[in-house]
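Hi everyone, thanks for making time this morning. I'd like to walk you through one structure, so let me put it up on the screen.

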Amino acid sequence: MGGKCPHRSVKKRRYSHKQFRRSKFLVKGDDAVFDELKRPEGERKPLPVDEDLPGMGQYYCFHCDRYFANVTVRDEHFKTKKHRKRVKLMMGPAPHTQLDADLAAGMGMPDNGPKLMSMS
């Protein structure tokens, strides 16, 4: 009557989820991408050739912080809903930074208000 649990093999497949794969490839935060896009075109460095990246690191989407294997794949990415939403997000107001989060949590400098009267 005994034996192994039939669901024991599920644990092996647990790491194939999108969330695990997404964290495998380091992605810049929204604020870092926003700062990169706000720099003038002439100030940006040309993309270096890197053998470890897809397409030798030459086909890159600045808004989504992704590399692509070739031009056609990158151009198809430009037509996707995910890319268009990301472009709209980056063209709007600046995204929240860590400083904003610290101030909202009460971890920033205290604001005691303006001094009304000095005692001298």
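Let's begin with what the record says. UniProt, in an unreviewed entry, places a feature called "domain: C2H2-type" at residues 61–83. Please keep in mind that what you see here is a predicted model. In this model, the span 61–83 is 48% helix and 17% strand, and its end C-alpha atoms lie 9 Å apart.

Now let me step back to the whole chain. How many helices and strands are there in the chain? We have five helices and two strands. Reading from the N terminus, the order of the elements is α-α-β-β-α-α-α. The chain has 120 residues, and 14% of them count as buried. It exposes about 11000 Å², with carbon and sulfur atoms supplying 58% of that area. And if you take the contacts between residues at least 6 apart in sequence, 37% of them join residues at least 24 apart.

Which residues of helix 2 are buried? They are Val 33, Phe 34, Glu 36 and Leu 37. These residues cover an arc of only 160° around the axis, so they sit on the same side of helix 2. As for what covers them, the cover includes helix 4, residues 81–91.

Let me zoom in on Phe 34. This residue lies in helix 2, which runs over residues 30–38. Phe 34 has a relative accessible area of 10%, and because the cut-off for buried is under 20%, it counts as buried. What is Phe 34 in contact with, once we leave aside its neighbours within four places in sequence? The list is Met 90, Gly 92, Pro 93, Ala 94 and Pro 95. Take Met 90 as an example: Phe 34 and Met 90 are 56 residues apart along the chain, yet their C-alpha atoms are separated by 6.0 Å.

Staying with helix 2 for a moment, Glu 36 is another of its buried residues. Glu 36 has a relative accessibility of 18%, and that is under the 20% cut-off, so it still counts as buried. Its side chain meets that of Arg 39 in a salt bridge, at 2.6 Å from N to O. Arg 39, at 32% relative accessibility, counts as partly exposed.

That brings us to the charged pairs in general. How many salt bridges do we count? The count comes to three. Asp 75 is partly exposed, at 33% relative accessibility. Then there is Glu 76 with Lys 79, where the closest N and O atoms are 3.7 Å apart. Glu 76 is partly exposed, with a relative accessible area of 49%, whereas Lys 79, at 56%, counts as exposed.

One last stop, at the strands. Where does Asp 65 lie? Look at the loop between strand 1, residues 59–61, and strand 2, residues 66–68. Is Asp 65 buried or exposed? At 12% relative accessibility, Asp 65 counts as buried. Its side chain is joined to that of Tyr 60 by a polar contact of 2.4 Å.

That's my tour, and I'm happy to go back to any part of it on the screen.

Conventions: Residues are numbered from 1 along each chain as its sequence is written. This is a predicted model: local features need pLDDT of at least 70, side-chain atom pairs count only at pLDDT 80 or more; totals for chains, interfaces and linings use all residues. Side-chain values use heavy atoms; hydrogens and water are left out. A salt bridge is a side-chain nitrogen of Lys or Arg within 4 Å of a carboxyl oxygen of Asp or Glu. Buried means under 20% relative accessible area, exposed over 50%, partly exposed in between (1.4 Å probe, protein chains only). UniProt positions are given in the numbering used here, feature names are shortened, and annotations may be inferred rather than shown by experiment. Helices (H or I, at least four residues) and strands (E, at least two) are DSSP runs, numbered from the N terminus. A polar contact is a pair of N or O atoms within 3.5 Å; within protein, one must be able to donate a hydrogen and the other to accept it, and residues adjacent in sequence count only if both atoms are side-chain atoms. Contact means heavy atoms within 4.5 Å. Accessible areas come from the Shrake-Rupley method with a 1.4 Å probe; for residues, only the protein chains shown count as cover. The arc is that of the directions from the helix axis to the C-beta atoms.
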